[in-house]
Amino acid sequence: EMAGQLDTLFKNVAKTLVADFGKSLDTAITYTRKGSVSYNVATGAVTTTDVSYSFKAPVEFVFSDEESGYQENTARVYITPDLIGDSQANLQDEITLTFDGSTRVAKIQDIRTFRGGQEYLYMIQVVF
């Protein structure tokens, strides 16, 4: 059917673009999916099962704002579902950016999902 063929086309184009642009950039990404939380009643311990994925992806630096001596940067990271285990990107997940020799943990502010019958691209806005 036409919709399925378009989905496959968009998904493949998105994967190719993200992979090609990602390789040309010097920004390494570690995407940490915050997993399930379990609580041990006997010990009172809370454990979270996180899964991390490392890859290169296109990063668009949107703006920097320096307020009271602290610099806050906003960027957009473009990733495809296959890079994060074919799962949905969530606001509680974390993205670590490594560029210019420094590593910064970024907070996810907004996720735009591009989809047809299936998701094929996430545009994730982060602040760090």
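Okay, let's start at Gly-35, which sits in the loop between S1 and S2. Gly-35 comes out partly exposed, at a relative accessible area of 27%. For that label, buried means under 20% relative accessible area, exposed means over 50%, and partly exposed is in between, with a 1.4 Å probe and protein chains only. The C-alpha atom of Gly-35 is separated by 4.6 Å from that of Thr-49, although the two are 14 residues apart along the chain.

Quick housekeeping. This is a predicted model, so local features need pLDDT of at least 70 and side-chain atom pairs count only at pLDDT 80 or more, while totals for chains, interfaces and linings use all residues. Residues are numbered from 1 along each chain as its sequence is written, and side-chain values use heavy atoms, with hydrogens and water left out.

Now the overall layout. The chain has one helix and nine strands. Those are DSSP runs numbered from the N terminus: H or I over at least four residues for helices, E over at least two for strands. Going along the sequence, the pattern reads α-β-β-β-β-β-β-β-β-β. Out of 128 residues in the chain, 31% count as buried.

On to the sheet. Seven strands make an open sheet in the order S4-S1-S7-S8-S9-S6-S5, and the pairing is antiparallel. What leaves one side of S4 and of S5 without a neighbour in the sheet? Strand S4 (51–56) and strand S5 (59–67) are at the edges with a single partner strand each, so one side of each has no neighbour there. From one strand to the next, the twist averages 25°. Angles like that run from 0 to 180 degrees between N-to-C directions, with axes as lines fitted to C-alpha atoms. And two strands pair if DSSP finds at least two bridges between them.

S4 runs antiparallel to strand S1 (residues 28–33), and six bridges join them. Here Thr-30 is opposite Ser-54 in S4. S1 also pairs with S7, again in the antiparallel sense, over five bridges, and Thr-32 has Glu-94 of S7 as its bridge partner.

Next come strand S7 (residues 94–99) and strand S8 (residues 102–115), antiparallel over six bridges. Phe-99 has its bridge partner in S8, namely Ser-102. The two strands form a hairpin with two residues between them, and Asp-100 in the turn has a positive phi of about 50°. Most residues other than glycine have a negative phi. There's another one to look at: Asp-86, not a glycine either, has a positive phi near 55°. Asp-86 is in the loop between S6 and S7, and at 57% relative accessibility it counts as exposed.

A hairpin of three residues joins S8 to S9, and Arg-115 is opposite Glu-119 in S9. After that, strand S9 (residues 119–127) pairs with strand S6 (residues 70–79), antiparallel over six bridges. In that pairing, Val-77 has Ile-124 of S9 as its bridge partner.

Now the aromatics. Rings of Phe, Tyr and Trp (its six-membered ring) pair if their centres lie within 6.5 Å; planes under 30 degrees apart are stacked, over 60 edge-to-face, and the rest tilted. How many aromatic pairs does that rule give? The count comes to one. That is Phe-61 with Phe-128, edge-to-face, 6.2 Å centre to centre and 75° between the planes. Phe-61 lies in strand S5 and Phe-128 in the segment after S9, so the pair ties together parts that are 67 residues apart in sequence.

Last stop, the surface. Val-37, Tyr-39, Val-41 and Val-46 make a nonpolar surface patch of about 460 Å². Patch residues need over 30% relative accessible area and no salt bridge; nonpolar side chains (Val, Leu, Ile, Met, Phe, Trp, Tyr) are joined within 5 Å, like charges within 9 Å. A salt bridge puts a side-chain nitrogen of Lys or Arg within 4 Å of a carboxyl oxygen of Asp or Glu. The areas are Shrake-Rupley with a 1.4 Å probe, and for residues only the protein chains shown count as cover. Val-41 is in the loop between strand S2 (37–39) and strand S3 (46–48), and is exposed, with a relative accessible area of 69%.
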